[in-house]
Amino acid sequence: MTSTPIKIAAALAIAGAAGATFLFAGRKPAPPPPATPPPVKSAAIAAPRLDAAPLTADLHALLANYRKIIVLLADEKSMPANEREQAQRVGQTLFHENQSRAEKLERDLATLLASNQPNRFDAVTDLLSFIESDKSLFDADRLAFRELLQGLLAEVAKDSSLPAIKIHKRLSEDLDALAEIERNYEKEIRQVFGRYESRAIALKRERWDSYLAYLNTLFTREAILKEQGVVVPYPASALPPEPKGEPKAVADPNEIFGNSLPKKTVVLTFDDGPHKRYSEEIAAILKQYGVPAVFFSVGRNLGSVDAAGKPTLSDGAAVSRKLKAGGYTLANHSYTHAQLSKETGDKLKAEILNTDVLLKAIDAGRAPLFRFPYGARNSEGMHALEGAHLRSVMWNIDSLDWADPVPASIAERVLRTVDKEGRGIILFHDIHARTVKALPAVLDRLIAEGYQFAGWDGTNFTSANTAAAPAEKVAVSTGYANSWAIVIGIDSYPKWPKLQYAVRDAQGVREVLIGKFGFAAERVVSLNNADATRAGILGAFHDRLAHGGVQKNDRIFVFFAGHGATRQLSSGRDLGYIVPYDSDPTQFATDAIPMSEIQNIAESLTAKHALFVMDACYSGLGLTRGGGAGAFLRDNARRIGRQMLTAGGADQLVSDGGPNGHSVFTWTLLQALAGKGDLNGDGLITATELAAYVAPAVAGVSNQTPAFGSLPGSEGGDFVFELPVEAEFLNPQTAQLSSEAIALNAKLDAVRPDAPKMEDKPGVTAPTAPVAVKDLQGKEQKLVTPLAVPSSARQLAQRANDRGLQLFKEKQYAAAEAEFTEALKLRADFALAANNLGFVYYKQGKFAEAARWFDNAVKMDPSRAVAYRNLGDAHVQAGDAAKAKLAYQTFMALAPASAGAAYVKQQLEKL
């Protein structure tokens, strides 16, 4: 019988004699010819075969790391410096993992061979068969096991039995074959592995390229780094600059940033107080240096406000009085330090106004300044500030004193950022001892370098030796003051066929308008079933909108879900109607509401933009389209817009039976508003984009043909939704869509207009292709979406994260992973995206990778309790009880009364 290793050696000899290489030019090795079967042992004396599966699993893991190192470093010289540094670091990690794994394999094999079990060589035989002839291996792969085989050879030599002698001979021949492989590949592999001590392989260039090409089908450098908790950010030169000439859409003229101050001028601000001890200590330091400051107070630290608006001051108010007496400015930091971008209506106003009442009780001339907790604000919050005659103050220099426990590190961070920015508003907190310790070092350095310290003079930030800071540049926003809506749903028609989904559709739209886009609940008029009579609908338009306080900078959204009808006039022209609750089919020409009347209502409204969305099918409305503009937001803010999107034309039935009790049209509309309708990726959804997404999507999955256009009187304005920032940290309680919803969304996305292609730099996109959509006369029109509004890297990162959330909820894990990765490339310190990437790994059972990313998240933002819970869960699944316990304990320290506390307590008890 000829052994397998002899066959390898023979092949080498034949190849050498022919003057050719034995290596495979990119192909996997063919299986060896079948060996002569061993003699069958008697069933009476056969011993049970040892399970070699654990050893084989370790071999596969060792091989995978070996291959990953090659992919990481194969073209190291061509990598950018930051990517090369990360690849080397991760390569070192994988290399040392393999050293430990190989040592474990050697120990396990040594223990097995020393056991003197009669069948102890069965597992060794299986191991050698895998290395010699497994179909998945290239010859270059086999070099990963060379040192393992050398150690095994030494162990087998200790045994003088006949089976051991045969195994020894087989190992020797295998090692000879591997030595020949190594000689052929020496140069290139030494370049890859020479930095890592003695384990090394090397291949001929032409064969090495083939092998590397194969490995690149298994792994990518980006995926390997990401598994190890590393995403290489885009180089600074590739990131979009802060928009110039076309300012950020989210900015507001009622907001102050530090980058407008004169050069070498700073403003010191302190948040979250007053504190009974540290606030006064900070004031004493400021007095010693003779510099001004602003103290942004949390209202509940000052006292309380009853239902009648009467304040009751607490001991904290006495601290604030001392600060005021010392010449320092008192300002508003909300009442409870809530994330105000998530609040709306009366609750939002109370957070602002209650603290304002308390501050006025301390100082009637309190400064008209407000800082949003976490810097989280939305358009409604900014409008509320305007109504309270307050201005928002942001910052551009963050001390991170709330997270960093080392005073010297805090001071160094502030000074480094001041050096970079050259001016700015510095954010500290007067509730930490470490801030007290860090402050003198900051002041010493800034004073020595000639910086001026600006204080609030009643109208602006100025310093004693400088003129007033220039006014903030007015930024372009969506331009709306207030948002209004009429939402109508009719199921239970007395005389028309009853519907099943219309009321549910209307409720779903109302919830999105209020919960996602910040429409004030009191400005959203809902009419369902018997309330949606002809008189009720027209009264809502005339009384609630026309005479209810709608202003010229407002927007109005109208949604109708119910029956539609079409009547042909004597002229041959079609006229469409929406059917109210009390309409009679035999008299709908007189008791339904014709589109001509809707047109008249639309023209009479004083709002800047109005959008009518009709989940009903009819035809008969002349529509026009305005042209797109390059500087979209600026031009759009000047133009009146009256637009309509309908579910279909005459003789078409609305397709009910969509997910969650919605019609197909309304479900698609809700998905568009969730983010899918942002076709150019700029965080804004225009009515044109909404139609460009909804119309082809609905037409592709139903018999409806939605139509869209501008009503007469429109000046080309486009209704705009500004997508809010998503702040959800993925966790086990995150809801995902039903299988029915996921299936329909997959069909909708299949006909979605192609996303714009990214150009050379992130955030620079080509225009989207025109989309064919019907108008209400049945004619085809081409919709062209506006060019994307310029965005910063931070905004692009947030949008990538938000897309990832949407994809996660659709269980598209690979696509979600790609979006969270993109977010981290754009913003390397994005804790939210790091957590969410980790949870995608967790859902796929990749617990070690998940733990690395959860750990990254808590390093980026140590205050996020949910990330510690996720980290604990990942460590539990990965089998690391000690680390899991530590993560759970940190969660309990941060969130002892949270919804997840009971679960975490149970986990701790188990550990």
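Contact here means heavy atoms within 4.5 Å. With that in hand, welcome to the exercises.

The model is predicted, so local features need pLDDT of at least 70 and side-chain atom pairs count only at pLDDT 80 or more, while totals for chains, interfaces and linings use all residues. Residues are numbered from 1 along each chain as its sequence is written, and side-chain values use heavy atoms, with hydrogens and water left out.

**Exercise 1. Two helices in contact**

Task: describe how helix α30 and helix α31 pack, and list the residues that meet.

Solution. 
Step 1. Find the elements: α30 covers residues 881-894 and α31 covers residues 901-910. Helices (H or I, at least four residues) and strands (E, at least two) are DSSP runs, numbered from the N terminus.
Step 2. Two packed helices are described by the angle between their axes and the distance between the axes. Axes are lines fitted to C-alpha atoms, for helices over the stretch in contact, and angles run from 0 to 180 degrees between N-to-C directions. For α30 and α31 the angle is about 145 degrees and the axes are 10 Å apart.
Step 3. The crossing of this pair is left-handed, a term used if the near helix is turned anticlockwise from the far one by less than a right angle (right-handed if clockwise).
Step 4. On the α30 side the residues are Lys-885, Tyr-888, Gln-889, Phe-891 and Met-892; on the α31 side they are Ala-901, Tyr-903, Val-904, Lys-905, Gln-907 and Leu-908.
Step 5. Sorted by type, the contact of α30 with α31 has 7 nonpolar, 2 polar and 2 charged residues. Here Ala, Val, Leu, Ile, Met, Phe, Trp, Tyr, Cys and Pro count as nonpolar, Asp, Glu, Lys and Arg as charged, and the others, Gly among them, as polar.

**Exercise 2. A strand and its partners**

Task: is strand β2 buried or exposed, and which strands pair with β2?

Solution. 
Step 1. Start with burial: buried means under 20% relative accessible area, exposed over 50%, and partly exposed in between (1.4 Å probe, protein chains only). In β2 (residues 265-273), 9 of the 9 residues are buried, so the strand is largely enclosed by the rest of the structure.
Step 2. Now the pairing: two strands pair if DSSP finds at least two bridges between them. β2 runs parallel to β10 (residues 424-429) over 6 bridges, to β3 (residues 294-297) over 4 bridges, and to β11 (residues 452-453) over 2 bridges.
Step 3. Pick out a residue pair for each partner. Leu-268 stands opposite Ile-426 in β10, Gly-273 has Ser-297 in β3 as its bridge partner, and Val-266 stands opposite Phe-453 in β11.
Step 4. Look past the end of the strand. The peptide bond from Gly-273 to Pro-274 is cis, with omega near 0 degrees, and Pro-274 belongs to the loop between β2 and α11 (278-289).

**Exercise 3. The largest nonpolar core**

Solution. 
Step 1. A nonpolar core is a set of buried Ala, Val, Leu, Ile, Met, Phe, Trp, Tyr and Cys residues joined through side-chain atoms within 4.5 Å. The largest one has 53 residues.
Step 2. The largest share, 10 residues, comes from α2.
Step 3. Leu-149 is one of the residues with the most contacts inside this core. Beyond neighbours within four places in sequence, Leu-149 contacts Leu-127, Leu-128, Ile-131, Leu-171, Asp-174, Leu-175 and Leu-178.
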